[in-house]
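Try each one yourself before reading the solution.

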Amino acid sequence: DLIKTGVPVRWYRKRKDHEELHMKLALFDGETVMAGSTNFTTQALTTFRETGIELKGTQIPHRLETMFQEDWEKGIPIKKLSFKQRLIAKVVEFMDKRYLGWW
């Protein structure tokens with residue numbers, strides 16, 4: 001959906017073997033950050049017990065923004081998804097809407 005609407009999207013480029021990006025992060029107005037384990041899916045936001053924190057006005061939002069910018073610059077831009085990626089996205093969307101997620 002993001003790609004379809006013109007929102008820039010990038011794949012995370014790992015720095016070490018077996019590294020994954022699992023953090024979920026939302027930065028608002030440069031002063032407020034929400035971070036945690038919650039996937040941004042219907043099921044995770046409405047069904048699971050997840051952990052998240054909100055921080056305001058500390059150095060932490062600025063540090064997280066810097067980290068995000070570094071990851072973003074090293075990321076791989078996505079212009080369109082491959083057939084396989086589109087198929088996986090449709091399956092995940094189908095399962096999420098029916099609360100059948102495996103995550």
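Please keep in mind that this is a predicted model.

**Exercise 1.** Find what caps the N-terminal end of helix 2.

*Solution.* Look at Thr 58: one of its side-chain oxygens lies 3.1 Å from the backbone nitrogen of Ile 60, and in this way Thr 58 caps the helix.

**Exercise 2.** Check the length of helix 2 against its number of residues.

*Solution.* Helix 2 runs over residues 59–74, which makes 16 residues. At 1.5 Å a residue they should span 22 Å. The end C-alpha atoms are 23 Å apart, which agrees with that expectation.

**Exercise 3.** Work out which residues of helix 2 are buried, and what covers them.

*Solution.* Start with the buried residues, Pro 61, Leu 64 and Asp 71. They cover an arc of only 90° around the axis, so they sit on the same side of helix 2. Next, turn to the covering: it includes strand 2 (24–28), strand 3 (32–36) and strand 4 (52–56). Finally, view the face turned away from the buried side, where the exposed residues Gln 59, Arg 63 and Glu 73 are carried.

**Exercise 4.** Lys 24 is found in strand 2; determine which partners its side chain has.

*Solution.* First test for a salt bridge, which needs a distance within 4 Å. Lys 24 is buried yet has none, as the nearest side chain of opposite charge, Glu 50, is 7.0 Å away. Then try polar contacts: the side chains of Lys 24 and Asn 39 are joined by one of 2.8 Å. Beyond its neighbours within four places in sequence, Lys 24 also has contacts that include Met 34, Gly 36 and Phe 40.

Notes
Residues numbered from 1 in each chain as written. Predicted model: local features only at pLDDT ≥ 70, side-chain atom pairs only at ≥ 80, totals over all residues. Heavy atoms only, no water. Helix = DSSP H or I, 4+ residues; strand = E, 2+ residues; numbered from the N terminus. Expected span 1.5 Å × (residues − 1). Buried < 20%, exposed > 50% of the residue type's maximum accessible area, 1.4 Å probe, protein only. Arc of directions from axis to C-beta. Contact = heavy atoms within 4.5 Å. Polar contact = N/O pair within 3.5 Å; in protein donor to acceptor, adjacent residues only side chain to side chain. Lys, Arg positive; Asp, Glu negative; His and termini not counted.
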